[in-house]
Every structure is written in structure tokens, then in C-alpha cells.
Amino acid sequence: MTEESAHLVNKYGLRKATKTGLPTGVVLGKKGGQIGAFVEFVKGPRSLLNPAMLSGVAGIMAQAAMQQSMTEITAYLARIEEKVDDVLRNQKDAELADMIGAGDVIGRAMTIRDHGGRVSETLWSTVQNTPETIAATQAYALLQLKAIAKKMERETKIRGLAKTAKGAEREVQGWLAVLARCFQLQDAIDVLELDRVLDESPEELDAYRRGLKAVRHDRLELISRSTESLLARMDVAAGTANAKVLLHPAASRAVVDSSNHVATGVLYFHGLLGIESGRQSWEARRWMDAAAEARDKVLENAGPAAAGIAVGSVAIALKVLQDRGRKAE
């Protein structure tokens, strides 16, 4: 590629083919448009197509993919209207406070890179310690999601479960936003790292790129395990709520609604990072359906002579249960 084309690909990325999903020779527009420019190539002998050159192209393509991911995360954070800095500032941990500063430093480095075209030793020295801050923040956010799941698990009363599930809606959304920001900043660091390796040891670029890919996969696995565990806990809560719908019809529906709200946020987050999940939403059980089931079970165990008495007794009992449930709520 010409120097100008390489710079554009680095900065904006390549448009992907609709059918195959593979990158084309078309550069994305400056404002996310479909066509910004066409990649141009210089003429040269076939000897130019050596492993080192191919490695450089693979590195550039990897950087383009990372930058596309960063752009999508920016759109995600804007969509959910979540102020990541606000979430971080509400915490007392030094690691989380440092995360805001790390984001500013990395953003500055990316701006200088976009204008300068390379990552100098001086520029790299300003960001080389930020991955520690990112990792600490990610670990803390995952611990918070685990704590929310445990809190749901400890609740035994349906009203307490409804209150906890409602609180989880906002908390989970906030910590997912923090995790997304961590992923975005780490992708930026990876882009800068590849530039630095290309400048210092181009022969090691391909191996380094594969290493970054493996580390990224491990991060995704860690996040996937934590969020799937939370989803499993929310599913249990929804099932518990539906089982107690006779006594607590309103609270039961509230738990199911909150569980589905949390799950929707987690699944959208999964889609953003490319994590697969087969979770389906819960449907709040209707009080009349539960009542009919209770009646049928009584009739199954009652003899023909007792059937009429059983129906009347069940109707009275269900009415009492419903009234008690309403008063309790």
C-alpha cells in the first residue's frame, strides 16, 4: 500500500464485504460513512511479498479491527447513556480513580499517534504502565457483578428478592459500562503496542500480534464466565418468583421483569464483544394459571365424592392466599 493508504487504513479501518464479512480495499469514511477512499498500491517486484511485508499487513489489519471495536464501544456507551467516570468516581478504591487518568493519558497518546503516524519511545513511555490500571479496574468490576449475584442468592423472601433485583438493574448496567471502557482502553493500548513493535522489531510483529489475540481471547473468556454466572442467578430468581406467584403476584412479576432487564443488558454487552449466549427471557407467570394448577393438583388426589367439596375448598383457600399476598405487598 502507499504510505497515505496505510495511514488511512490505520486511522479509519476498512469496509467489510456484506456477504463474507472480510475486509475490502475500501477505507471507511471519516464520520463512519461507507466509502472514505480506495486503497492504493505501489508497483514493485514480487520479492516485496515476503513474510516481513505480509506480517506488517496483518498487523495493520489487526489494528484496524481493534479501532473498529473501540468505535463500537463508544457508540454503546453513548446508547446506554452511562457516565463511566461517574461510576468510577463513586468508588473509594484508588485503582478506580486512577482509571479516569489512564483513559485521559491513552486518549492523548492516540491523538498524537493519529497526527504523527508513529509511536515514539517518548510517547510509549507515557502509557506503558496503564495496562495495570485497566486490569485492576476490570477485576474490580467483575467482583462487583459477582457480589450482586451472591446478594440475589442470599435472598429468601420474595419481597426482598424483588427489591434486590430492582437494584441490580442499575448496578449491573453501570459495571458493564466500566467493563466496556476497560476493553476499549486495552484495545487502544494494543494498537499502540503493535506500532511500537513495528518500529523496534518488525520481525517479531506477527508473533506479537498472535500473542495479543490470545490475551484478548482470555479476557473475553473471563468476562463471559462472570456474566454468565450472573445470568444463571437471575434465572433462578425468576423461577423462584414464578413459583410463589400465588402468595406474591405483584412482587413475582417485579422479579421477573428485573431479571429480564438485567439479562437484556448483559446479552447486548455480549453481542458487542462477540460473546455467544443462548439465554432466553422469562415470562411472568399469571396468577390465574398458578391457581388453576393448584386446583387441578387437589382434584387429582381427591376421590369422585370429594371433588365438589375440594373445588369449593380450593377456591376459598386461593382467595385467602391472594388477599394475604396483596396485604403483604
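1. Let's start with α6 and α8, which pack at an angle of about 15° with their axes 9 Å apart. Axes here are lines fitted to C-alpha atoms, for helices over the stretch in contact, and angles run from 0 to 180 degrees between N-to-C directions. Angles under 35 degrees count as roughly parallel and those over 145 as roughly antiparallel, so α6 and α8 are roughly parallel to each other. α6 passes α8 in a left-handed crossing (the near helix is turned anticlockwise from the far one by less than a right angle).

2. On the α6 side, the meeting residues include L142, L145, I148 and A149, and on the α8 side they include L222, I223, L230 and M234; contact means heavy atoms within 4.5 Å. The contact residues divide into 10 nonpolar, three polar and three charged. Nonpolar covers Ala, Val, Leu, Ile, Met, Phe, Trp, Tyr, Cys and Pro, charged covers Asp, Glu, Lys and Arg, and the others, Gly among them, are polar.

3. A word on provenance: this is a predicted model, where local features need pLDDT of at least 70 and side-chain atom pairs count only at pLDDT 80 or more, while totals for chains, interfaces and linings use all residues. Residues are numbered from 1 along each chain as its sequence is written, and side-chain values use heavy atoms, with hydrogens and water left out.

4. Next, α6 (residues 130-154) packs against α7 at an angle of about 160°, with the axes 9 Å apart. That makes α6 roughly antiparallel to α7. Their crossing is left-handed, and the contact residues comprise 19 nonpolar, six polar and two charged.

5. α7 (residues 158-200) also packs with α9 (residues 249-273), at about 10° and with axes 8 Å apart. These two helices are therefore roughly parallel to each other. Their contact holds 17 nonpolar, five polar and two charged residues.

6. Which residues have the most contacts inside the largest nonpolar core? They are V172, L230 and L273, in a core of 65 residues. Such a core is a set of buried Ala, Val, Leu, Ile, Met, Phe, Trp, Tyr and Cys residues joined through side-chain atoms within 4.5 Å, with buried meaning under 20% relative accessible area (1.4 Å probe, protein chains only). α7 gives the most to this core, with 21 residues.

7. Do look at L230: leaving aside residues up to four places away in sequence, L230 touches L145, I148, A149, V172, V262 and V266.

Methods
Helices (H or I, at least four residues) and strands (E, at least two) are DSSP runs, numbered from the N terminus. Angles under 35 degrees count as roughly parallel, over 145 as roughly antiparallel, 65 to 115 as roughly perpendicular and the rest as oblique. Buried means under 20% relative accessible area, exposed over 50%, partly exposed in between (1.4 Å probe, protein chains only).
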